[in-house]
Amino acid sequence: MGRIPYWNINLGILIDAFAVPMIVIFVYGMYGHWKRIRQGKVRINPDLSKSAGKIGPVYIYALLTKGILGTRIYKKIYTGVAHGGLFWGMVILLLGTILVFLNVLFGLPVFRGGFNRWFMSFALDLAGIAVICGILFFLFRRLVFPPERLTEPKARTGFSPIVLLLGVVILTGFVVEGGRIACNGIDNGSFIGNYLSMMFGKTDAWLTVHRYMWWIHGLLALGFLAYIPYSPLVHLVLVPVNAALADPMPGTKMGLIDFSSFEDEESEEMPVLGAATLADFSQKRLLDYSTCLWCGRCHEVCPAAQTGKPLSPKGVIITLAESLQDGHVEDDSLIDSLTSEALFCCTTCAACMEACPALINQPKTIMKFRQNLVMERSEIPEMMGKANSSLELRGHPFFGTGAGPRDWCKDLNVPVFEEGKTEYLLWIGCSVTYEERAQQIAGSMVKILSHAGTSFGILEDFRCTGDPAKQMGNEFLFAELAQQNIEDFSDMGIKKIITMCPHCYNSFTRHYPKLGGNYQVIPHSLFLKSLLKAGRLRLNRESKTICYHDPCYLGRRNAIYDEPRDVVNSMGKLVEMARNRNESFCCGGGGGNYWAEEVGTRINQVRAKEALDTGADFIATSCPFCLLMLTDGAKKFTEDQKIFDIAELVALQLEER
Amino acid sequence: MHIVVLAKVVPDYEVPAGDFELTNSRAHARYKRMMGLYDENAIESGVQLKEKYSSSLTIVSYGIKGDIQILRKAVAMGGEKLSLVVGNSDDPHIIAANLKMAIDKLEDVDLVLAGQQSADMDRGIVHGMLAEMLGFTFIPQVAKIEQDGDQWKVIQNTESGSSELKCGGKAVLSITSVPENVPRIPVVRSIFAAKKKPVDTLSEIEGDAMLIDEVLVNIPKMESVCEFLPAEDDMAETAKILLSKLREERLI
Ligand code: SF4
Ligand code: SF4
């Protein structure tokens, strides 16, 4: 017999009527989220600039891939498959239910032929099994063997009840199906229903059981849907929305702060610098906090959290999520409860952002708090404070340095940039200028560029882009230094810049344009690659193995992974650490933490050990801060000098020709 | 209560050894000018006292007009106004006399704080002379100050230890550097506010120069010799070796 909707059920159509209050409860719950998020400062993603794949504020590609397909979830294969089974199973079951309604209301012929057999029977049973498997996996993992990332610094409650409810919905659905088949005979394709019907046997009692179960199943299913906005499963709605509105540019972009209102002491419009309360954040950030899954993937990859520092990105986000949920939007004790000690541990490496399946921007939140601590409360760790003062006084953060800025070029014939004559400015940057070990990168680059016949020159005076100030939260000092540089660059007619430090590259390309400084900026790894490609450099390729460490500001922040590897490959055999490319582990120096007195295990030692464990002859990087941090970290394990910048290695191979 | 903090603008006191250069026996003019190292500790101590006892705080300096820009940082840290005696003498007696003149003009000063020594000449004698001229008590190398009734209770840190002292009346205290007076980074609001705060520019008065002629200024070349001690096996043993080597060299 073909399947008859509402078979054995009196007034079954009433279930459609019950759907109405369910929808009202659901919408009311979602409205609660919307109301909380609207307490943020500006409307969500006001950037309506047109770009490919963007409609209004919505990034379509991100919505489809990261929001709906949940591509990031699958980076952890077991969780990904379980999540996929649960999510897509639910989607198929929902689709099946909608088709049943359409059949009842409009007679849509879904219970006929192959469609009935393969979709309405087989696929729906399979979907139910997938959901049950997913539920069992998640319950087992959360309740029996929870990984540290789920429990640290705090585990989420409220997940089990809704998942159990879903399980009951699915199981009652199977019982209804089994009961129906027990009474009406085999339904081809319903492999679970057929199996259960055989177990149940054919008795008249199944008519009653089926009838009750049908109502229980229907009402529980409606209850489950109505409960979603009040439960952790609200992420079904919020994650796609958050993904659609998240800026796809990798890493954190900190917007500009307008300091002009501070000129007028009496002005009532003085902005809060950074953020001290939830109300100081934008609506997009509040959406971030509401969306957080508490999955701890950020915690697991965070170099600070993993080396015993007091910071956990998950901890920060869930504290804010709870505060938002509790309505403490104006509570300015929030920043103290997070502690400045923790907030300054962030290396701004963006590993958390990269790992987050909900596309939350954790470093931006941390940086906003830092800005407030530094610019409104004058709170900064002592060493960072000294670096900051040095930047303000001397234009570079390397206080107490023994290396003179002219030391590195004493024996070299280094041209000075001349307007109209020189093509590229070779930007030296603060670490390369003032740190003895890093100075060797500049010497190597000068040799390489001269060898290749590149038209380049350096500045007569030595300076910093201001990036360390920005990373430490002193946006004001950054803006002052950047504006001065921009003015000077424009006086000198500088248009093309080669950088040796990814932090400089990041500043020039991401922050300077907003202040009016637009240049063609090329990281030295890319420039070296282009020289090799053009045949202007030829290297002596050796059988040595070289391990490459991805600097966070070149890799995760600017998606430059291949070119440095190509350069390495042209000199020796590239070997990889387990954590590489966008999953690379930070050297520990970012976010101003080059000047930090670390608590817990030293990040640079962890990373240096990973690099040394590859057994490579050399460890290459393309950031002077990474070079310094890893060189220092490696001292714990070896006396050999194994860490080099790729420019140093290239210069060595040139010399051996 | 009215507190005065003396601040002096000096050439960068951290010019790397490899880059250091003298002209006319003084640091080369190309080096950035900045507030003296200990002076910032003195300002921080002054600001903390101001916040604790609701006092007023004035920054007083002797130097060139171009220093105003740099001294505004002291104001941004918490000073209410700035008084600069314009002059360029290196003579401590003349500097002290001019600072006295500026302080006398303020009339109601109760406490004068100064960095324990400037970061250019490193002599550490101006504040002592100033105290003598003002008729104030002078206590050098002060790490902590507290009001105790109508007296000041201060902790003095010297190389050999620390002592707790009390003094009544007006005083000049030279401030040493301790973790409690690490200078704050001025907040943005204060940086802007400092631009509008009053600056008194005073012409210098003549003072009696000291009877000293500077014949030669010599900066020793820095040389470093490294010796690595084995640190892996027995740290206690390594520490002992280090101690004996430092004693041998008469460094401790
Ligand atoms: S940016 Fe890096 S250090 Fe900062 S919270 Fe994220 S993972 Fe941790
Ligand atoms: S911020 Fe992202 S990665 Fe971290 S717990 Fe929340 S959802 Fe997971």
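A:Lys529 has 24% relative accessibility and so counts as partly exposed; that label covers the range between buried, under 20% relative accessible area, and exposed, over 50% (1.4 Å probe, protein chains only). Its side chain meets that of A:Asp566 in a salt bridge, at 2.9 Å from N to O. This pair links distant parts of the chain: A:Lys529 sits in helix 23 (residues 524-533) of chain A and A:Asp566 in helix 24 (residues 562-569) of chain A, 37 residues apart. Helices here are DSSP runs of H or I with at least four residues, strands are runs of E with at least two, and both are numbered from the N terminus. A:Asp566 is partly exposed too, with a relative accessible area of 31%.

A word on the ground rules: this is a predicted model, where local features need pLDDT of at least 70 and side-chain atom pairs count only at pLDDT 80 or more, while totals for chains, interfaces and linings use all residues. Residues are numbered from 1 along each chain as its sequence is written, chains are lettered from A and ligands numbered from 1 in the order in which they are written, and side-chain values use heavy atoms, with hydrogens and water left out.

Back to the charges. Side chains of opposite charge can pair when their charged atoms come close. A salt bridge here means a side-chain nitrogen of Lys or Arg within 4 Å of a carboxyl oxygen of Asp or Glu, and the structure holds 43 of them over all chains. One of them joins A:Arg607 and A:Glu610, at 2.7 Å from N to O. Because these two are three residues apart in helix 25 (residues 603-613) of chain A, about one helical turn separates them. A:Arg607 counts as buried, at 0% relative accessibility. Elsewhere in chain A, a network of salt bridges links A:Lys309, A:Glu598, A:Arg602 and A:Asp632.

Chain B has its own example: B:Lys8 and B:Asp120 pair up at 3.2 Å, N to O. Again the partners come from distant parts of the chain, 112 residues apart, with B:Lys8 in the loop between strand 1 (2-6) and strand 2 (9-11) of chain B and B:Asp120 in the loop between strand 8 (111-115) and helix 4 (126-134) of chain B. B:Lys8 counts as buried at 18% relative accessibility, whereas B:Asp120 is partly exposed at 29%.

Now for the ligands. Ligand 1 is surrounded by 13 residues, the closest being A:Cys302, A:Cys346, A:Cys349, A:Ala350 and A:Cys352; a residue is near a molecule if one of its heavy atoms lies within 4 Å of it. Helix 15 (351-355) and helix 16 (362-375) of chain A each give two or more residues to this shell. By class, the shell has 11 nonpolar, two polar and no charged residues. The residues around ligand 2 include A:Cys292, A:Cys295, A:Cys298, A:Lys314 and A:Cys356, and that shell has eight nonpolar, two polar and two charged residues.

As for confidence, the predictor gives the complex an ipTM of 0.86 and a pTM of 0.91.

How values were computed. Ala, Val, Leu, Ile, Met, Phe, Trp, Tyr, Cys and Pro count as nonpolar, Asp, Glu, Lys and Arg as charged, and the others, Gly among them, as polar.
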